[in-house]
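I opened the notebook to look up salt bridges and helix packing. The entries below follow the order in which I checked things.

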Amino acid sequence: YRGAAVGAMPVFALVVVYAFVVQWIAFVPSYLQQTERYYDLTGSFTYISGIVIAVVLSGATDARSIMLLVLVLVWAGRLGPFLFRRVRRAGKDDRFDDIKRSFSRLLMTWTLQGLWVSLTLGAALAAVTSAETKGLGVFAYVGLAIWVIGFALEAIADLQKSRFRADPANKGSFISSGLWSISRHPNYLGEITLWVGIAIVALPVLQ
């Protein structure tokens with residue numbers, strides 16, 4: 001791997017380590033206070049700070065790196081606050097009811113978030129920290145178009161589900177209208193799609 005480094009440590013590896021350390025630090029108050037309220041917000045913060053660290057430490061100023069930076073910032077800047085507001089309105093995330101009582105299971109959950117950040121952000125990190133740069137071409141524009149489609153799917157699906165849940169008549173029911181009528185989880189479909197788009201943007205400089 002030929003890429004930017006700080007001393008003997010590749011910037012790519014440094015950001016991956018950072019992603020896990022942030023989760024482990026956040027785990028401590030999460031376990032002590034028995035709360036999952038800041039889980040999603042911490043994940044988004046890690047994406048944002050991780051890609052910014054990669055760009056700064058690599059001195060990346062090429063168009064592809066800036067495009068990847070903006071795409072990650074826009075996605076995380078929308079999703080993190082959205083999920084945080086949703087948990088705050090609900091008071092809790094039911095998925096954590098049993099997990100947060102167990103030290104090992106909660107630590108594993110936070111650790112998995114570090115892994116999730118590292119894996120999904122990997123292509124963008126590799127491109128930003130790569131020693132090779134290329135001008136934007138067909139891959140960048142195709143990837144951008146796919147990202148836009150995925151981002152729209154995720155944002156619209158989240159909005160539709162929020163409005164559905166806000167109606168007391170729908171309590172206990174699963175949404176099956178709008179995008180949810182053609183996909184069981186259109187928000188996850190959008191998530192997968194936009195990260196595929198980011199990978200395609202990064203592809204020409206991956207090694």
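I first wrote down the burial terms: buried means under 20% relative accessible area, exposed means over 50%, and partly exposed lies in between, with a 1.4 Å probe and protein chains only. I noted that this is a predicted model, in which local features need pLDDT of at least 70 and side-chain atom pairs count only at pLDDT 80 or more, while totals for chains, interfaces and linings use all residues. Residues are numbered from 1 along each chain as its sequence is written, and side-chain values use heavy atoms, with hydrogens and water left out.

Entry on salt bridges. I took a salt bridge to be a side-chain nitrogen of Lys or Arg within 4 Å of a carboxyl oxygen of Asp or Glu. How many salt bridges does a search of the whole structure find? It finds three.

I looked at K134 and E132, whose side chains form a salt bridge at 3.6 Å, N to O. K134 has 41% relative accessibility, so it counts as partly exposed. E132 is also partly exposed, because its value is 27%.

I then looked up E154, which forms a salt bridge with R78; their closest N and O atoms are 3.6 Å apart. This pair links distant parts of the chain, as E154 lies in helix 5 (residues 138-166) and R78 in helix 3 (residues 63-90), 76 residues apart.

I recorded R78, E154 and D158 as a network of salt bridges.

Are these residues buried or exposed? E154 is buried at 3% relative accessibility, D158 is buried at 5%, and R78 is buried at 19%.

Entry on helix packing. I found that helix 5 and helix 6 (residues 186-202) pack at about 165°, with axes 7 Å apart. Axes are lines fitted to C-alpha atoms, for helices over the stretch in contact, and angles run from 0 to 180 degrees between N-to-C directions. The two helices are therefore roughly antiparallel (angles over 145 degrees count as roughly antiparallel, under 35 as roughly parallel, 65 to 115 as roughly perpendicular and the rest as oblique).

Terms used: Helix = DSSP H or I, 4+ residues; strand = E, 2+ residues; numbered from the N terminus.
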